[in-house]
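Colleague: Can you take me through this one? I'd like to go over the pocket, the core and the salt bridges.

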Amino acid sequence: MNEVKAQAQVEQQQTGFEQRYELDAPPEKVWRAISIAEFRERWLPKEALADPQSLSETPGKEVHYRLRDDSPPYLESIVTFAIASNASGGTSLRIIHELTSATSARLTRSVANSNSPTLMLAA
């Protein structure tokens with residue numbers, strides 16, 4: 001059982017990452033900034049999103065978006081913005097990026113030591 005749990009943690013580390021921020025703004029203000037498109041577009045333009053609509057949300061707590069890189073290999077990830085009030089009256093913001101399973105599969109197929117043909121580039 002411990003091996004399975006350890007493997008799940010390793011996979012999580014390979015397919016995503018998490019950032020944490022402590023903000024002075026109250027949770028209600030942060031929620032508006034991450035969930036209302038007109039406010040969100042000031043810092044996260046719709047062009048960075050695979051779909052400008054959220055995938056899902058729990059009002060006042062978290063919202064999920066699908067992001068897509070604007071350059072090849074156009075990796076996609078699911079990003080979760082989770083908020084909670086902190087002891088100082090501000091907001092704890094967690095941003096969790098997770099690669100989609102299709103993106104993870106593409107990356108594992110393209111590693112240098114894979115069984116696929118070698119591609120050599122001219123200098």
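Colleague: How do the residues lining the largest pocket divide into nonpolar, polar and charged?

Modeller: Bear in mind that this is a predicted model. The lining divides into 5 nonpolar, 4 polar and 4 charged residues.

Colleague: How much space lies in the largest pocket?

Modeller: About 180 Å³. The lining has 13 residues, and the closest to the pocket centre are Asp69, Glu76, Ser77, His97 and Leu99.

Colleague: Which elements give two or more residues to that lining?

Modeller: Those are β1 (16-23), β3 (62-68), β4 (76-85) and β5 (91-99). The most comes from β5, with 3 residues.

Colleague: Back to Glu76. Is Glu76 buried or exposed?

Modeller: Buried, as its relative accessible area is 17% and the cut-off for buried is under 20%.

Colleague: Which residue forms a salt bridge with Glu76 at 3.7 Å?

Modeller: Arg66, with 3.7 Å between the closest N and O atoms. Arg66 counts as partly exposed, at 27% relative accessibility.

Colleague: And what is the N to O distance between Arg68 and Glu76?

Modeller: 2.8 Å, and those side chains also meet in a salt bridge. Arg68 is partly exposed, with a relative accessible area of 35%.

Colleague: Which residues do salt bridges with shared partners join into one network?

Modeller: Glu18, Arg20 and Arg94 are joined that way.

Colleague: How many salt bridges does the count come to?

Modeller: The count comes to 5.

Colleague: Changing topic. Which residues have the most contacts inside the largest nonpolar core?

Modeller: Ile34, Val63, Tyr65, Val79, Phe81 and Ile83, in a core of 13 residues. The elements that give two or more residues to this core are α2 (27-35), β3, β4 and β5.

Colleague: What is Ile34 in contact with, leaving aside neighbours within four places in sequence?

Modeller: Ile34 is in contact with Arg40, Trp43, Val63, Tyr65, Phe81 and Ile83. Of those partners, Val63, Tyr65, Phe81 and Ile83 are also listed among the core residues with the most contacts.

Technical notes: Residues numbered from 1 in each chain as written. Predicted model: local features only at pLDDT ≥ 70, side-chain atom pairs only at ≥ 80, totals over all residues. Heavy atoms only, no water. 1 Å grid on protein atoms, 1.4 Å probe; cavity = no way out; pocket = protein on both sides within 12 Å on 5 of 7 lines; lining within 4 Å. Points joined across faces, edges and corners; volume = space filled by probe spheres on them. Helix = DSSP H or I, 4+ residues; strand = E, 2+ residues; numbered from the N terminus. Nonpolar A, V, L, I, M, F, W, Y, C, P; charged D, E, K, R; others polar. Core = buried A, V, L, I, M, F, W, Y, C linked by side-chain atoms within 4.5 Å. Buried < 20%, exposed > 50% of the residue type's maximum accessible area, 1.4 Å probe, protein only. Contact = heavy atoms within 4.5 Å. Salt bridge = Lys/Arg side-chain N within 4 Å of Asp/Glu carboxyl O.
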